[in-house]
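Here is a colleague's note to read with the model open beside you. Take the points one at a time, and find each place on screen before moving on.

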Amino acid sequence: MGKLSVNLNGFELKNPIMTASGTYGYASEYNDFIDVSNLGAVVTKAISLHPRAGNKHIRITETRAGMINSIGLENVGIDKFLEVKVPELNENNIDYIMNVAGSTIDEYVQVAKKCDENNIKAIELNVSCPNVKSGCLEFGTDENSLYELVSAVRAVYNGFLIVKLTPNVTSIEKLGIAAEKAGANAVSAINTLKGMSIKIERVSGKFIKTIVQGGYSGIGIKPVAIGAVSRLSKVINIPIIGIGGIETLDDVLEFFAAGAEAVQVGTANFTHPETAEKLVKELEEYITKNGFESLDELKKELRA
Amino acid sequence: MTKRKNDMKKIYKAKVNRIERVSASSHFIEIECEIPVKVEAGQFISIYCDGLTLRRPFSVYSNNNGRIGVLFKERGKGTQYIKSLKVGDFIDIAGPFGNTFDIQNKKALLIGAGIGAAPMAYLKEKLDEKGIKNYYAAGFLTKDEVPAGMKIDKICTDDGSFGDAGSVLNYLGVLINEHKPEVIYACGPHIVLKIVAEQGEKYGIETQVAMEKVMACGIGVCRGCVIDIKKDGKIVNATVCKDGPVFKGSEVVWEN
């Protein structure tokens, strides 16, 4: 393991730069731009028990400091993922974490079981999905339902379990604590912020409105994410993976300072597909240039 | 998918070689990449616009000696940025992306409307190179909107200020009867493509249409630009950026 290696509570990464779920497909697509095997890990699109077609209406729109998406978790489903995508990832030497989505606890559990049977080393739970059995309240917005979900997955999955926390709550600390208590090995924070864009045009004396509701991501959410990571780091003992508006090396250092052990690049992959690989190189150069022995030493000084 | 070598990376620094107004509201920009880039008719490139999150996709209009030309209209912040560029400026482009028009040795009718005239002009160039018989009809709002230097066989203007009066679609039946095309290619607003596809079905002629949608990744991963298509008796998602932008008119589920 090199200077950039990270040990996340027993899960080894060659460096702390990952890519966020939903922004990187099933990963090998990005080999057109970079060598994806250079990244710490890629987090796949959310995978559900059955294939999902996603939403019908307009799915994306740009905002002043990012974008809003409402894809609706379109994905190939766990069986096809295992059959087609996993061999592709392995063939390309890509370290990956499989993101999991579901609409009932049972769906998550069934997917997690299959991951366990197929030696998927790490999974990240997307808990921003509506729980259809509980009034469609999102799992990740209620401590009890989050605890119940994570415990159920933990019972069937022996690999590295990450819970991706939603910022759309009053106290993200309480949700982080619930995830830790239920047996998560790490949390990632934050998922997208709930938002809406209304674009107004006036055509022939009439207003034409284009409305997109969904998850807001991009540079605009960085301060929200840094705040969440910092508050979580004070109340939980499992590692935190920082996500939210990361584009530059300064962003990465700020997340480390706030308490993140690793980071995920999301929306920036769309703007500059080479971002994550560039950050790996820049972080390595920064560590060497400033005479740090290791990434851990850099983090320690940043938090002092 | 095989790993690409560095010199095949689909992202380039490109120098602006020409930028000029070619009609009342459209502009032509030609860029030169570090290495010559070959683009097929129907494909697009995406341009990073300073400070904006999403790259802007543009269908290719010309591709001479590895240089890429596109036509654009000023519509928002992205195209404002592109319009502000000067010869010698460097920009960041990615591509070429997407599938291509399926060029067959069949008599072709090409229909372009508005800014959608650009990729059709490039397709015409490719058909001419291959000696495939074709006829290109394009429609614009007014005479001022006809791009200078574009090779078009028949020009229509909505206000009748140039060429034939009215929408190019008004002439579709006549053009089909006159030229007896075996394939119709089209690019333009959604409604134009829908009508071309319907007329193709009516006359039993294959249609290929180039679609447009807001995109994020440009490579099929984010699933932001999907449309419904008919495949093996089912309705499935297809991404405009990767599965398209060119679709058979008969496979698209047309929205009203």
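1. Start where the two chains meet. In this predicted model, chain A and chain B bury about 2700 Å² between them, and carbon and sulfur atoms give 54% of that area. The contact takes 31 residues from chain A and 28 residues from chain B.

2. Side chains of opposite charge can pair when their charged atoms come close. On the chain A side, β5 (60-63), β6 (66-69) and α7 (268-271) each supply at least two residues that touch chain B. Sorted by class, this side of chain A has 10 nonpolar, 11 polar and 10 charged residues.

3. Next, please turn to chain B by itself. How is chain B divided into domains? Domain 1 covers 8-97, domain 2 covers 108-210 and domain 3 covers 213-256. Taken over C-alpha atoms, the centres of domain 2 and domain 3 of chain B are 22 Å apart. Their contact takes 10 residues from domain 2 of chain B and 9 residues from domain 3 of chain B.

4. Domain 2 and domain 3 of chain B bury about 850 Å² between them, 62% of it from carbon and sulfur atoms. On the domain 2 side, B:His190, B:Lys194 and B:Val209 lose the most area to domain 3 of chain B, together 48% of what that side buries. How many salt bridges are counted between domain 2 and domain 3 of chain B? The count is 0, while 2 residue pairs are in polar contact there, both residues being at pLDDT 80 or more. In domain 2 of chain B, the elements giving two or more residues to the side that touches domain 3 are α4 (190-203) and β13 (206-210). By class, that side of domain 2 of chain B has 4 nonpolar, 3 polar and 3 charged residues.

5. A:Tyr26 lies in the loop between β3 (17-19) and β4 (41-43) of chain A and A:Phe81 in helix α1 (residues 78-91) of chain A, so the pair ties together parts that are 55 residues apart in sequence.

6. Salt bridges are counted over all chains too, and the total is 25. In chain B, the side chains of B:Asp92 and B:Lys13 meet in a salt bridge at 3.9 Å, N to O. This pair links distant parts of the chain, with B:Asp92 in strand β7 (residues 90-97) and B:Lys13 in strand β1 (residues 11-21) of chain B, 79 residues apart.

7. The peptide bond from A:Ala189 to A:Ile190 is cis, with omega near 20 degrees, and A:Ile190 sits in the loop between β12 (186-189) and β13 (193-203) of chain A. In chain B, the bond from B:Gly95 to B:Pro96 is cis, with omega near -5 degrees, and B:Pro96 is in strand β7 of chain B. A:Asn119 has a positive phi of about 55 degrees although it is not a glycine. You will find A:Asn119 in the loop between α2 (105-117) and β8 (122-126) of chain A.

Notes. Residues are numbered from 1 along each chain as its sequence is written. Chains are lettered from A and ligands numbered from 1 in the order in which they are written. This is a predicted model: local features need pLDDT of at least 70, side-chain atom pairs count only at pLDDT 80 or more; totals for chains, interfaces and linings use all residues. Side-chain values use heavy atoms; hydrogens and water are left out. Domain bounds come from an automatic or database domain assignment. Contact means heavy atoms within 4.5 Å. Buried area is the accessible area (1.4 Å probe) that two parts lose on being put together, summed over both. A salt bridge is a side-chain nitrogen of Lys or Arg within 4 Å of a carboxyl oxygen of Asp or Glu. A polar contact is a pair of N or O atoms within 3.5 Å; within protein, one must be able to donate a hydrogen and the other to accept it, and residues adjacent in sequence count only if both atoms are side-chain atoms. Helices (H or I, at least four residues) and strands (E, at least two) are DSSP runs, numbered from the N terminus. Ala, Val, Leu, Ile, Met, Phe, Trp, Tyr, Cys and Pro count as nonpolar, Asp, Glu, Lys and Arg as charged, and the others, Gly among them, as polar.
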